[in-house]
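Have the coordinates open as you read.

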Amino acid sequence: MAATLSLLRLPILSQKSSHQIHSKPVDLPNPARSAISKHSIVSIHPQRLISETNRLLKSASLPLTALTLPLLLLEPKDALAVDGEFGILEGRTFALVHPIVMGGLFFYTLWAGYLGWQWRRVRTIQNEINELKKQVKPVAVTAEGSPPAEAPAPSPIEAKIQQLTEERKELIKGSFRDRHFNTGSLLLGFGVLEAIGGGVNTWFRTGQLFPGPHLFAGATITALWAAAASLVPAMQKGNETARNLHIALNGLNVLLFIWQIPTGIEIVFKVFEFTTWP
């Protein structure tokens, strides 16, 4: 760089037939000007002029380097998270971990929602049975107060009660309450971990984050996971408002997850474009 800056200020040299150069004092930056002014040379051989210029440029390189060093330190390309300093963490393999895990968590979210809805069904079906029992008419008895010898055919309401009772027994066998709790706990743990991991991986590869729809939607999904999980203690105490809010937050979470998929696929294409294996 020092040589470039100094050579740009040298005058154009014209050749004479005698291979001598008659020149005016050369306009060189200090210390070049002071060094040449000490020699009252009117004509210099071209080879000697080149050697003298190189010597002067070498002496001027140190202060020029001192001036340009701060600019180099401010260069964005010198960020710590690029240029292969983190090895495989900046490669394509590690970059694809986030989309693969999040794709699995999307389907795991749907599975957790199914288990939760089945557990809700266990609770609500008992309420339906209780309401239907209130509509059952009492069985007619004889004058002596004993039931008739032949039991009457079950009414449609009683048949419905029997059907719901059998359905509830099958649902209870599924242990949906415990399965939903365990699935939701794993979803919360791995979801938050990988949501943060995705941002860290982006920093590894580029040295910065990119605020946009995918980043903001991911942050919102993570916050919704935490908010829905915070309602569990109230839900366990039978708070119906907390249960409905839990369902609403997770429903919104799924919608955001679906909306985020196209932007995630776009980022995957960029990963393949700008990264290499491994």
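Just after helix α6, Gly207 adopts a positive phi of about 80°. Please keep in mind that this is a predicted model.

**Helix α6 and its neighbours**

Helix α6 covers residues 176-206. With 31 residues at 1.5 Å a residue, α6 should span 45 Å, and its end C-alpha atoms are 44 Å apart, which agrees.

Which residues of α6 are buried? The list is Phe176, Thr183, Leu187, Gly191, Glu194, Gly198, Gly199, Asn201, Thr202 and Phe204. As for partners, the buried residues of α6 pack against α4, α5 (156-173) and α7 (213-230).

**Aromatic pairs**

The structure holds eight aromatic pairs. One of them joins Tyr114 and Phe176: the ring centres are 6.4 Å apart and the planes stand at 90°, so this pair counts as edge-to-face, the class for angles over 60 degrees. Tyr114 belongs to helix α4 (residues 92-135) and Phe176 to helix α6, so the pair ties together parts that are 62 residues apart in sequence. Ring pairs also link Phe106, Phe107, Trp225 and Phe257 into a cluster.

**How exposed are the residues?**

The table gathers the relative accessible area of four residues from this report.

| Residue | Relative accessible area | Class |
|---|---|---|
| Tyr114 | 40% | partly exposed |
| Phe176 | 9% | buried |
| Phe269 | 57% | exposed |
| Lys134 | 64% | exposed |

**A nonpolar surface patch**

Where does Phe269 lie? Phe269 sits in helix α9 (residues 240-274). Together with Leu252, Leu255, Ile258, Ile261 and Ile265, Phe269 forms a nonpolar patch on the surface, and the patch has about 580 Å² of accessible area in total. Phe269 itself is exposed, with a relative accessible area of 57%.

**Lys134 and Ile157**

One last stop returns to helix α4, where Lys134 is found. Lys134 is exposed, at 64% relative accessible area. What separation do the C-alpha atoms of Lys134 and Ile157 have? These atoms are separated by 9.9 Å, with the two residues 23 residues apart along the chain.

Notes:
Residues are numbered from 1 along each chain as its sequence is written. This is a predicted model: local features need pLDDT of at least 70, side-chain atom pairs count only at pLDDT 80 or more; totals for chains, interfaces and linings use all residues. Side-chain values use heavy atoms; hydrogens and water are left out. Rings of Phe, Tyr and Trp (its six-membered ring) pair if their centres lie within 6.5 Å; planes under 30 degrees apart count as stacked, over 60 as edge-to-face and the rest as tilted. Helices (H or I, at least four residues) and strands (E, at least two) are DSSP runs, numbered from the N terminus. Buried means under 20% relative accessible area, exposed over 50%, partly exposed in between (1.4 Å probe, protein chains only). Patches are made of residues with over 30% relative accessible area and no salt bridge: like charges are joined within 9 Å, nonpolar side chains (Val, Leu, Ile, Met, Phe, Trp, Tyr) within 5 Å. Accessible areas come from the Shrake-Rupley method with a 1.4 Å probe; for residues, only the protein chains shown count as cover. A salt bridge is a side-chain nitrogen of Lys or Arg within 4 Å of a carboxyl oxygen of Asp or Glu. The expected span of a helix is 1.5 Å times one less than its number of residues. Contact means heavy atoms within 4.5 Å.
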